[in-house]
Number of protein chains: 2
Amino acid sequence: MRRKLTLKQIAKEMDVSISTVSKALRDSPDIGLDTREKIQAFAKLYNYKPNNIALSLKNRKTKNIGVIIPEIVHHFFTTVVSGVEKVANKRGYNVIVCLSNESFDREVINMEMLASGSIDGFIMSLSKETQQKKDFHHLREAINQGMPLVMFDRVAEEIYCDKVVIDDAQGTYRAVNHLIDTGCKRIALITTTDYVSVGKLRTEGYLNALRDAGMEIDENLIVKIEDTRECDEQIEELFESQTFDAVFGVNEIYAVTAMREAQIRGFKIPEDISVIGFTDGILSKNSFPRMSTINQHGTQMGAIAADMLINKLESVDEDEYYRTEVVKSTLTERESTKKKS
Amino acid sequence: MRRKLTLKQIAKEMDVSISTVSKALRDSPDIGLDTREKIQAFAKLYNYKPNNIALSLKNRKTKNIGVIIPEIVHHFFTTVVSGVEKVANKRGYNVIVCLSNESFDREVINMEMLASGSIDGFIMSLSKETQQKKDFHHLREAINQGMPLVMFDRVAEEIYCDKVVIDDAQGTYRAVNHLIDTGCKRIALITTTDYVSVGKLRTEGYLNALRDAGMEIDENLIVKIEDTRECDEQIEELFESQTFDAVFGVNEIYAVTAMREAQIRGFKIPEDISVIGFTDGILSKNSFPRMSTINQHGTQMGAIAADMLINKLESVDEDEYYRTEVVKSTLTERESTKKKS
DNA sequence: CTGAAAGCGCTTACAG
DNA sequence: CTGAAAGCGCTTACAG
């Protein structure tokens, strides 16, 4: 096992000073052409790679960006990470992914860990618990330390920073409208509790769509799920106690679960019951029938977030000007919705 | 924006030397109790956190581990990462995730980037392209530099390092046997091309199961998919040209696609056609009917990989002894298979 | 054209 | 009990 080659070793080997080697490798005109070439050849031969850690310490920047997401086993977040990766890599940055597992404490710990020198800036989406507690001191601290932060999807209004979100309310509005246009009369909503920011917005979109269409709002058709692990029972109960001809699910799992529950009870989709879910992921594409969805464009959100962050990192002037970019969702019609005849 | 606090600043503030501050903060008995307490109080008050980068440079270890996976938008890899995260965090390590996007070049670039000081060791699964090319120089290089490496799932026999795999052939064998026990006579196989190591092993398991049961092997029932994006057409063609009463899919997507194709053609599952998939992910749990699968225990694989790596990192003696841990897959029976009457 | 020195933020063996 | 010095691997302003 040979240790990694350092400038010092090269210097010794070639009998010059460390500074000369350093400059030669950066192709500085300071150094005579022939020494430069000799050193470069040597470095290449022995596959010299500068030590990132030393560079980070010297330059006070790491070229790493930290991403904190609530869960990685969740298709949407995964698409966002892949968008971040793509542009980060292209612009010469590495991505460090940490998971909060929906826990406030883990979120704080991860942020502190990363903030202690490992990264140049954050991209993150809040954990459920953080949204519930409304305790954002760790975000403030990061910002105060001069660490740029961009939030996506689950954001906090209270924090001033760049953000990228989707038109949750409007997207839902359009989807519910699509159901109405298609002839549905009683539209059930399966959503999250209100403290999840996006759940709340989507619920609003649903309510507005019904109101604008002059349809009555039946609270019995709205089920708010606290814990996804219990969504099966709550959805079963909805089917047990109510009748309706359409379901809007605030995420894939809810929508697909509703679809299965309907099929178990012998309903035909979309003839008897139409279904739309928010977030276009693998479940929607691979369900039977394939499910109509609101496409959340996670990769694009990630790409935008990364660009925003890197732009801020590389901008010279320190403007305290924050943007929030809203990505437009789109409706993908597949087989779970159809004009009722 | 206040800059991060450093030892130097504390030293100046408190009118002592940097070394004294350093030692006081590590609670060294070298330093007088009262100075120690005073310094600690000050550090706490101003929320001092040592700079990770400086520590890394000094200690020649980063407490970061690098994970390279082919794709993040893939449930199995995602579960592995979450397993790695869990034990890494518990043992005081951070996780840097990079994606190869199934590309050899990206894999090499990412490895070189990470190997230049950012991490202490690798956990990785090979990209398809790498498996095809059989070019593993970048792995050798990492190992030669003294960078421990543990491979999982898509591993290379040619490389000597710790590995964690699943009993691909045996797991498939058991699953196909389950289909046979259950009364299936003609079992189709949807698999990948042979250069994908796990695909090949699973195909072997299938062949062995049929042979051991004295059943004839019909090449027409075996479809090898090169590119997942084209799996729809190839599976459609299988249904078009052949008759069979069971399908084994080498991954979730293939199995679930087969299931949908069957349902479109009016087959009942499992009455007319039984289906099993390898890898127990969200698709299987949320399909209709819920799909029987071979559970690949990704989280556990990730946890084992992380433990192996960290053990190696923290062991004093440099034994050149490599283990390959094989995780036992388990069959989860759900609704897509049933004893034929 | 080349090199010695200072410094990024930390630790630790060694003097005093 | 406290501090000056050397060093981790690099860069860069400054002498010569």
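Predicted model: local features only at pLDDT ≥ 70, side-chain atom pairs only at ≥ 80, totals over all residues.

Trainee: What makes chain A more spread out than a compact globule?

Mentor: The globule rule gives 20 Å for 341 residues, but the radius of gyration of chain A is 26 Å, well over that value, so the chain counts as more spread out. Its C-alpha atoms fill a box of roughly 85 × 40 × 35 Å along the principal axes. Within chain A there are 14 helices and twelve strands.

Trainee: How many of the residues in chain A are buried?

Mentor: Buried residues make up 54% of the 341; to be called that, a residue needs under 20% relative accessible area.

Trainee: Which residues have the most contacts inside the largest nonpolar core?

Mentor: They are A:Ile123, A:Phe248 and B:Ile123, in a core of 95 residues. Helix H14 of chain B, residues 298-314, supplies the largest share, eight residues. Apart from this core lies another, of 42 residues, including A:Met147 and B:Ala142.

Trainee: What is A:Phe248 in contact with, beyond its neighbours within four places in sequence?

Mentor: Among its partners are A:Thr172, A:Leu179, A:Ile190, A:Phe278 and A:Ile294. Each of these has heavy atoms within 4.5 Å of A:Phe248, so each qualifies as a contact.

Trainee: Why might nonpolar residues gather like this?

Mentor: In soluble globular proteins, nonpolar side chains tend to be buried together.

Note on methods:
Residues numbered from 1 in each chain as written. Chains lettered and ligands numbered in written order. Heavy atoms only, no water. Helix = DSSP H or I, 4+ residues; strand = E, 2+ residues; numbered from the N terminus. Rg over C-alpha atoms; globule rule 2.2 N^0.38 Å. Buried < 20%, exposed > 50% of the residue type's maximum accessible area, 1.4 Å probe, protein only. Core = buried A, V, L, I, M, F, W, Y, C linked by side-chain atoms within 4.5 Å.
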